[in-house]
Amino acid sequence: MQAKKRYLILLSAGACLALLFYLGGVELPAARRSRQDRSRSGYRPEQPWPHYSDPLHAFLPWDQTDTEDYNLHISPTQKRDVNRSVYRAKRCRMDSCFDFSLCQKNGFKVYIYPQQKGEKISESYQNILSTIEGSRFYTSDPGQACLFVLSLDTLDRDQLSPQYVHNLKTKVQSLPLWNDGRNHLIFNLYSGTWPDYTEDLGFDIGQAMLAKASIGSENFRPNFDVSIPLFSKEHPRTGGERGFLKYNSIPPFRKYMLVFKGKRYLTGIGSDTRNALYHVHNGEDVVLLTTCKHGKDWQKHKDARCDKDNAEYDKYDYKEMLHNSTFCLVPRGRRLGSFRFLEALQAACVPVMLSNGWELPFSEIIDWNTAAVIGDERLLLQIPTTVRSIHQDKILSLRQQTQFLWEAYFSSVEKIVLTTLEIIQDRVLEHGSRSSLMWNSHPGGLFALPQYSGYLGDFPFYYATLGIKPYPKFTAVIHAVSPLVSQSQPILKLLVAVAKSQYCAQIIVLWNCDKPLPAKHRWPATSVPVIVIEGENKVMSSRFLPYKSIVTDAVLSLDEDTVLSTTEVDFAFTVWQSFPERIVGYPARSHFWDSNKERWGYTSKWTNDYSMVLTGAAMFHRYYHFLYTHYLPSSLKNMVDQLANCEDILMNFLVSAVTKLPPIKITQKKQYKETMMGQSSRASRWADPDHFAQRQTCMNKFASWFGAMPLIHSQMRLDPVLFKDQVSILRKKYRDIERL
């Protein structure tokens, strides 16, 4: 038995060895020498072993295998090589490719190269340059610049586009300050071309930063590049429309659950996801429509579904779908980004992202999980189930955040550009950068300047979030423009009345009069400190400078001829403590649209409707002094100073633009008017018809700079409890107001 087993083993081994000899897997020494001899003598076998050198083609959907573009796909290795060549300095970061020393002397200033003769600039790129030139960052002196921006149009680097700028490589390298792109910022919306749409810009960007749309995570350099949204040439330069969420419906569901309407690419990159959308479409609450009817040769490539898809596509109105859907699908197109992204944000339709590898716009500062659903292209069939599982409270929160982000960062080219610059400035000034809360909560990073303070509690917007209250005292700032010639002047009576307030911490008299400062004994004795400051250059804007002497959160801004009682001052501060982010005060004004003249008008008529509270008798947060000084452009402040007028209107524009809310008017004695003081210098100004005409001009100039009218009408007036009620005066806290 043992002998039989040994025999079988030997037989099997022999058979295996014979098979190996037959297949050529094992060579005897003699055979190897014989083959080498044949090779030297030029011998070639008649039937060599087959060599499969061509790589297998990548899998393609059945409807693409017969197209002309079938053989245009490149291998993963080739694709990686292309990606490596896109940015030579792919390892660039702020500490290795940015010269911080240029920013230390003059701060964060941006220089734009002069436009070269004969160079054409697209409207979109001109809007970008105009925004920078009109911002507080701009400098015309390259010696003061921290950041440099090209005047050469780099937005569209698709070689098939009519906006494509040729010979850009040579033109960029010849710039005198190029320095291999160091401290330069390049804006780009479109890169690459048919069929692969790589992210190559067609020239070496060196160590320059990119502000780029549709940028992939593989090529994105964190904390160096900035991902921006893809926007159309019709995108407004300034202002922009507000979001379409007019009110919060509960529950927050709309007619459709999920919608999409757009092109379907039959071939090439970006076609897979959109070609598969018909699997999810149910024609009821999930409406995903595509059309292949685009391009010159669409009929040449159309598949069996094209006619049916095109017919259903034409049945639906895109805007109607957009405004009546809870979620909007945002799949990738030829490039990673899509116009659908901004359209969905504005419409308060929660974006459902299906673009694997896309670095979302401003991802460095925005938490997109609070405003969008980040999906996976490979899990398309799970999308309907996923969005249906989201609780209605979460949906409402997502929709509200889409509106905030749209209005704060995306509604205009100006906001997109300024957000980009602010992000870079935060990197340069790391000690004064904004927190995530500043960027992702109202009013947003553009209005929350970190140079003011690094503590959130110093801003009027975050009291509720932090669970704190403003400081329970105020500083009165009285703007004096008339010489002190009599002890019966209104400013002295006003000073005494304000000083008696239980909430007054100090009084600052801003002396903007051409006459010398009065002697100390000319001012009345008060229980609170009185600080007299001589105005800087004696201009109107100096009343809103962020003086270090103002140590309280609240500022009571007063004109020298204002007539207020101590009770009115107390009540104003009490109201302001509940609305610290808004202007609270007495004299109200309004604006209107004059359809005949097609311009904004200004009215001082006493009506129930108002949109401004004049700063001649108003309470607001001291942060607005800082914002007025450092946020507004010098052109507007110079206009105010030249006219010696409109500073109160400009402050109302600013606060309404920040808060998106109207000011608050409170009870005042009915005989209060600016013209009641015949001896004041202000009386003559209000009686001057040119003064009123100037305010009309200011309204339109300010609205033009803000890009829209930020003022909001209101009919709310806050009165003391039991005001005018038929009860005993002893039961009323602010009883003196009714006696005035």
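Asp-180 lies in the loop between α7 (168-173) and β4 (184-188). Helices and strands here are DSSP runs, H or I of at least four residues for helices and E of at least two for strands, numbered from the N terminus. The phi of Asp-180 is near 60°, a positive value in a residue other than glycine. At 28% relative accessibility, Asp-180 counts as partly exposed. The cut-offs: buried is under 20% relative accessible area, exposed is over 50%, and partly exposed is in between, with a 1.4 Å probe and protein chains only.

Before going on, the ground rules. This is a predicted model, where local features need pLDDT of at least 70 and side-chain atom pairs count only at pLDDT 80 or more, while totals for chains, interfaces and linings use all residues. Residues are numbered from 1 along each chain as its sequence is written, and side-chain values use heavy atoms, with hydrogens and water left out.

Next, Ala-348. Is Ala-348 buried or exposed? At 0% relative accessibility, Ala-348 counts as buried. Ala-348 is not a glycine, yet its phi is positive, about 60°. Its place is the loop between α12 (340-346) and β11 (350-354).

One more backbone item. The peptide bond from His-442 to Pro-443 is cis, with omega near 5°. Pro-443 is found in the loop between α16 (436-440) and α17 (463-466).

Now the sheets. Strands of a sheet pair through backbone hydrogen bonds, either parallel or antiparallel. Two strands pair here if DSSP finds at least two bridges between them.

The five-strand sheet is open, with the order β9-β8-β10-β11-β12 and parallel pairing. Its edge strands are β9 (286-291) and β12 (373-374), and each pairs on one side only. Helix α10 (residues 306-313) packs on this sheet, touching β8 and β9. The direction of α10 makes about 120° with that of β9. Contact, throughout, means heavy atoms within 4.5 Å. Inside the sheet, β8 (residues 256-263) and β10 (residues 325-331) pair in the parallel sense over three bridges. Leu-258 has Phe-327 in β10 as its bridge partner.

Strands β13 (residues 474-480) and β14 (residues 504-511) pair in the parallel sense over seven bridges. Which residue in β14 is the bridge partner of Val-477? That partner is Ile-508.

Last, helix against helix. Two packed helices are described by the angle between their axes and the distance between the axes. Axes are lines fitted to C-alpha atoms, for helices over the stretch in contact, and angles run from 0 to 180 degrees between N-to-C directions. Under 35 degrees counts as roughly parallel, over 145 as roughly antiparallel, 65 to 115 as roughly perpendicular, and the rest as oblique.

Start with α20 (residues 623-630) and α22: about 105°, axes 11 Å apart. They are therefore roughly perpendicular. From α20, the contact uses Tyr-624, Leu-627 and Tyr-628. From α22, the residues include Leu-650, Met-651 and Leu-654.

Now α22 (residues 647-659) with α24 (residues 689-706): about 30°, axes 10 Å apart. That makes α22 roughly parallel to α24. Among the residues that meet are Phe-653 and Leu-654 in α22, and Met-699 and Phe-702 in α24. This contact divides into nine nonpolar, no polar and two charged residues. Nonpolar means Ala, Val, Leu, Ile, Met, Phe, Trp, Tyr, Cys and Pro; charged means Asp, Glu, Lys and Arg; the others, Gly among them, are polar.

Finally, α6 (residues 123-133) and α15 (residues 413-428) pack at about 60°, axes 9 Å apart. They are therefore oblique to each other. Asn-127, Ile-128, Thr-131 and Ile-132 in α6 meet Val-413, Glu-414, Val-417, Leu-418 and Leu-421 in α15. By class, that contact has six nonpolar, two polar and one charged.
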